[in-house]
Amino acid sequence: MLMFLEQVLNGLQYSALLFLLASGLTLVFGIMNVINLAHGSFYMVGAFCAAVATMSTGSFLAGIVAAVLGAGLYGLIIELLVIRHLYRRDHLDQVLATIGVSLFTNELVSIVFGRSPPFMDIPAFLAGSVQVLPGLFYPIMRLAFIVVGIIVALGLWWLISRTRVGMLVRAGADDREMVDALGIDIQRLFTLVFTLGALLCGVAAVMAAPLLAVEIGMGERILITTLVVIVVGGLGSVRGALVGALLVGMVDALGRAYIPQWMYSLFPPEISDSLSSSLVSASIYILMALVLLVRPRGLLPAQN
Amino acid sequence: MSQLLTRKNILHAIGLLLFVLVPTIADATSEPYIVNMITRLVIYAIAAVSLDLVLGYGALVSFGHSAFFGLGGYVIGIIGFHIANDGGLFGWEGSNAALVLWPIAMLACALLGLIIGFLSLRTSGVQFIFITLAFSQMLYFVLVGLMIYGGDDGMMIDQRNTFPGLDLTRDSTYYYFCLAVLVIWVYLCRRIVNSRFGLALRGLKQNQRRSVALGFGPMGYRLTAFVISAAGTGLAGVLWANYALFVSPDMASWGKSGELMAMVILGGLGTIFGPVVGASVFLGLEQVLTGLTEHWMLFLGPILVLVVLFGKRGLYGLLVGGKHHD
């Protein structure tokens, strides 16, 4: 039981990371119908900025500022230079151009920050573990990650359902041309949302950097999972991204914990080892395929 | 027949002549590695041409074609592994004959294409891109998990398959063999896209509703194209396994799918010949840039972006000129 609860917490922490990345990506798709495979690059840029800033100043706060600014600024530059020219192109063009951007970013980061991956310590006030339940100790850093995820989810809910910008975002996802015709500068709105998405990548990066390895290529790995999240959740909707992130995070964490046990009880060890390691890694893709087969547009697609 | 000497045909002839002359040039310049380099290129071209069938003519953006490339290679690798270690597979003593193994590998890829295509074609648009990606990622992780076949590291293959009357172990013979496969495959694909089937496929791409109203059901045509494309990409995987004598899960990675897509776009979508040009330029660029700098992606990335933004018709369109496109 305690192990199960611990896995649920791990799943929640992973979900928080995925939600921070997926919410921006899905909004960008919802408004401008753009698939951005360079979204993971903003996360990587943020993580490198966070690690280097924290290492050189010793302050976690500096890390936060550097990550959010670095990722946001880089996102803004990419939007102005590349993404803006891709709105009216088909998805194939968007996929290829943004792959190009992410290849470029990988090299750029390795030139700017060097080949050896920087290391980021867990800040003192978030170090150590806390007793969540009798007998269950859980790292504070991971709990903080979950809390940040919840705060961002609430903040986005407020932004989207309670503010003027949010109203325009919803309207834009619903019917872009109509919003445009009503005299709203949809271009500016989009740039704003895109930059917000990149900022959230920075937030995700600064929380993830002390827990995961900061390295070249980290963006692509998490991006593919993020794509699974938004496709499962339904493209264009933040609610969908939340549901998708929770599902994918839980399937991944619980799969890692329990699939090897099931396989071990079902098959002889020489088969079960191979089978379980494949199944664990493939589980979220199996989830995505199943969801798409039952609901081709995802679980909670934006109305369109 | 007066149309024989069009700019297009002349370019094709020059291109083919260049390919045929590669071993001679390599001999003359005593740079034997050129043959290997161009063999790689020819193999990728076969995969890219196959991808163009669905990408260019069916408007089906498959982000998972590396699965077929990987599976084709692994069928050869796995059968070779069991022959070498256990003297056979499932009671079959095994064979090293290309004419036996290659159809098996292509059939396996066609079957996988049938399953993936059937399931994926229930979705469309963006979801199609990502569901094909999901299936190829599943295969990728299955290959990574196959510890007896080397897992993450992949495995070596003892020897090339045999073909009656040819000594495929000689690099130049193997090169000509791959080139012949490419030429035949390009010819077949041209026949396919200009047949009634190909026209129906293109009709569906242009206007699905009209095509359906005319009695062309989308599923049958698209699925057939997907299966043919899967088998062709699988053949490229087979040739790759025989060329490199090594297979690894990297063959089925999503980056490989991206590379193949880039080759098709670079050369020209929906042209069959274009992807050959695209593969040549892509791999040529890789060769030149890696020679110049360790950070070659720094240049490849922006080139990809520029090609997408400004080179809509692809290099083939530029070379051939005019309004030609099909």
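Biologist: Say a cavity is a set of points, on a 1 Å grid over the protein atoms alone, where a 1.4 Å probe fits but cannot get out. How many cavities of 30 Å³ or more does that rule give?

Modeller: It gives 2. Keep in mind that this is a predicted model, where local features need pLDDT of at least 70, side-chain atom pairs count only at pLDDT 80 or more, and totals for chains, interfaces and linings use all residues. Residues are numbered from 1 along each chain as its sequence is written, chains are lettered from A and ligands numbered from 1 in the order written, and side-chain values use heavy atoms, without hydrogens and water.

Biologist: OK, what volume does the largest cavity have?

Modeller: About 50 Å³, taking volume as the space filled by probe spheres set on the points, which are joined across faces, edges and corners.

Biologist: And which residues line the largest cavity?

Modeller: Lining residues have an atom within 4 Å of a point. Here they come from both chains, including A:Phe29, A:Asn36, A:Leu227, B:Val126 and B:Phe130. Helix 1 (2-32) and helix 9 of chain A, plus helix 5 (126-145) of chain B, each give two or more residues. Helices here are DSSP runs of H or I, at least four residues, numbered from the N terminus.

Biologist: What about the second largest cavity, what lines that?

Modeller: Residues of chain B, among them B:Tyr57, B:Phe197 and B:Gly198. Helix 7 (196-206) of chain B gives the most, with 3 residues. The volume of the second largest cavity is about 30 Å³.

Biologist: Switching topic: how many residues of chain A and chain B are in contact?

Modeller: 42 residues of chain A meet 39 of chain B, with contact meaning heavy atoms within 4.5 Å. Chains A and B bury about 3700 Å² between them, 79% of it on carbon and sulfur atoms. That buried area is the accessible area (1.4 Å probe) lost on putting the two parts together, summed over both.

Biologist: Which residues in chain A lose the most area to chain B?

Modeller: A:Leu92, A:Leu96 and A:Leu293, together 17% of what that side buries.

Biologist: How many salt bridges are there between chain A and chain B?

Modeller: 0, counting a side-chain nitrogen of Lys or Arg within 4 Å of a carboxyl oxygen of Asp or Glu.

Biologist: So which helices of chain A supply at least two residues to the side that touches chain B?

Modeller: Helix 4 (91-113), helix 9 (218-233) and helix 11 (269-294). Helix 4 of chain A gives the most, with 15 residues.

Definitions and conventions:
On a 1 Å grid over the protein atoms alone, a cavity is a set of points where a 1.4 Å probe fits but cannot get out, and a pocket is an open set with protein on both sides within 12 Å along at least five of seven lines; lining residues have an atom within 4 Å of a point.
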